[in-house]
There are 2 protein chains.
Amino acid sequence: MGLIVQKYGGTSLANDDLIFSAAKKVINDYIKGNNVIVVVSAQGNLTDRLIYKSKEINKSSSKREIDVLISAGEQISAALMAMAIESLGYPVVSLLGWQAGIKCSSVYGNATISKIDTTRLQKELDKKNIIVVAGFQGINKYGDVTTLGRGGSDTSAIGIASTLNADICKIYTDVDGVYTADPHYVKNAVKLDQISYDEMLSLATSGAKVLNNRAVEIGKKHSVVIEVLSSFSEKPGTIVKESSNMEKRIVSGITKNDNLTLISVFDLEDETDLNFKLFSKLSSKNIDIDSVLQNTLKNGKRDISFTIKNEDRSDCIKIIENYLKSFDSSAKTVVKENITKISTVGAAMAGHPGVLAKIFEALYTSQIDIFSSSSSEIKVTVVVDKKDGEEAVRAIHDVFF
Amino acid sequence: MGLIVQKYGGTSLANDDLIFSAAKKVINDYIKGNNVIVVVSAQGNLTDRLIYKSKEINKSSSKREIDVLISAGEQISAALMAMAIESLGYPVVSLLGWQAGIKCSSVYGNATISKIDTTRLQKELDKKNIIVVAGFQGINKYGDVTTLGRGGSDTSAIGIASTLNADICKIYTDVDGVYTADPHYVKNAVKLDQISYDEMLSLATSGAKVLNNRAVEIGKKHSVVIEVLSSFSEKPGTIVKESSNMEKRIVSGITKNDNLTLISVFDLEDETDLNFKLFSKLSSKNIDIDSVLQNTLKNGKRDISFTIKNEDRSDCIKIIENYLKSFDSSAKTVVKENITKISTVGAAMAGHPGVLAKIFEALYTSQIDIFSSSSSEIKVTVVVDKKDGEEAVRAIHDVFF
């Protein structure tokens, strides 16, 4: 007896049979006496198809109108899911983002949830209605529909779960949990029973697509117990929660992030604010920089390297060159295309100084060149050539599992 | 310089080219210094496809959820139209029914507009934005999305035009105006330049599909000048407005309504409330009865006949027979399937008593049997066999045009 939030992604709702299979999981929790709120994504690749449609009309539509367009996808899913639950004989009501009280920031296409007004949700729960909420969408202060960015339905679900103090937020997806590495190319990858928010966060931001990282952050902040599990099986999944009661693993997972470019700026003159200015110029153009490495000063100059997405490459190079020209810098930019970032994540890594050495040894043994590397308390990142990516994950995985 | 409301139906928005063609008509009015509000329907047959989708999941979905589902169709159109106008370089904003302040009754699937709160519309007009409104939808007192029934986008458009005192409401469709008869089978049918609300109303309720009858009623009540015109040409259409300044035509149009069943109840005992009870039983099951004829009393009994839609036939017969059984009536029910109702409409008909005779003569000359007939101030209705329908319209049309 409690409140359970469930969330289904697009592949879990791609056809009628899948919608019914999800509806039955909803009812299973409901008939045990729980209140159930279901958050749904758009079916299959509908969001992509709608975006394609918009590009046919206008290659540079305003993000406001794109949000109006694509939010129709979750609206359709919400209605169909409610219809399936109705046909199985249970009381249900669907709510769109604005009806579910999901208030968010005004960044069209990538809003964050600022508040959830639970008036309507609570009213429907009091009536013992199952509630289907259209995920990925909310309403901003102008009264406009805004979407929460890709993976935003996770955020909707975990946001609702946290605001209503749900007992658990079950994220149904097409994999049956969080693995130590991608089972598609790491044969002996192991499913984890539990993982901490910080580990999950490191995995999510490092390319594990199982859970949206912003959603994990909200979960962590409000201690929402999250379960990642498959909509295609009945097996338990992976529980994400506070790590206090877990045995801390040295390494919990290894992820790979492809299609990145490594940019290095060598011999940049050391004025106090040059790096800062460069990075703020890049971020003002929405270029996501990651894995920043900045060497210590040598002869009044220093080397900086970072990774960006391949698609940002030409913009990024242009910005850097214009910037360097602006003060007649003698620095040189070196671009390494198509690299892969391998992240090794583990909550207890900090207490085990041998991790970095083991990773380096594994890659050396496999004859894989490391272009750059960095480490934080719970993560070691190495950048390698894209062709070596899968082999590098396997080599590191073999050392720890 | 004024306010123009335009409305585009689904066939006028079925593909990208058509959306752009409509967008250009919008901009044409805008660049002349007018404010422009565009109301859009769902593209092509999208509404039907969504309803088909819902039937796959649940044959008897609640109307509330069907409304959530199908209102996504107009949402998609509104966004795409806004994108097209954006790409042509004009300021535009799309609004869904609830954003445009369209408050309506709670009859899901067939709501009526109760009020339009113009706050948001006025705000966008003040900014000189073109406004695209998703037609066919509003919000009820529970904060739920409700649709206005088929043809409801006409109602949205004329409702907005009347509330904001628009100078004209242009209904763009796939015909270029209102004709004296359907040009598909009446070769010499003539397009009318003007028509009165009452005539239009009689034509609309009698099967002319060019304009929704509820929309015409709103137009009449608030004296909104309506123009019915083609989205595929630049020609002027038919103006619908108060008839005071028009020469009253004896006959303005002849319409045909197919797929009806004629039900006759012969020798019904004359208790004061029997007819009333029968009709209220039928209407409580949402069976639409029309063209009711009730003969005068003969030997304490009377005959009643009326038409219903073919699809309501078996329900209707069951209700009548149960009703007759309930008081051991000796009345007999006679069912005539697949009949056609021909309506001849004209504002000045009342002053010209020869109209009925002319119609009867035309049908007699063409050897068409009349099953029943009735007349009101501006309309004569005759019921004939479906196979004679088109010939009957041609015969009557030839007499008056």
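Which residue of E11(B) stands opposite Lys170(B)? The views below take us there, and the answer comes in View 1.

A word on reading this predicted model: local features need pLDDT of at least 70, side-chain atom pairs count only at pLDDT 80 or more, and totals for chains, interfaces and linings use all residues. Residues are numbered from 1 along each chain as its sequence is written, while chains are lettered from A and ligands numbered from 1 in the order in which they are written.

**View 1. Strands E9 and E11 of chain B, side by side.** Here E9(B), residues 168-173, pairs with E11(B), residues 226-230, in the parallel sense over 5 bridges. Strands (E, at least two residues) and helices (H or I, at least four) are DSSP runs numbered from the N terminus, and two strands pair if DSSP finds at least two bridges between them. Look for Lys170(B): its opposite number is Glu227(B) in E11(B).

**View 2. E11(B) and its antiparallel partner.** Strand E12 of chain B (residues 238-241) runs antiparallel to E11(B), and 3 bridges join the two. Val228(B) stands opposite Thr238(B) of E12(B).

**View 3. Where chain B meets chain A.** In this view, 27 residues of chain B are in contact with 27 residues of chain A (C-beta atoms, placed from the backbone, within 7 Å). Helices H1 (16-31), H2 (46-57) and H3 (63-87) of chain B each give two or more residues to the side that touches chain A. H3(B) supplies the largest share of that side, 14 residues.

**View 4. Confidence in the model.** The scores are ipTM 0.83 and pTM 0.84.

Conventions: Contact = placed C-beta atoms within 7 Å.
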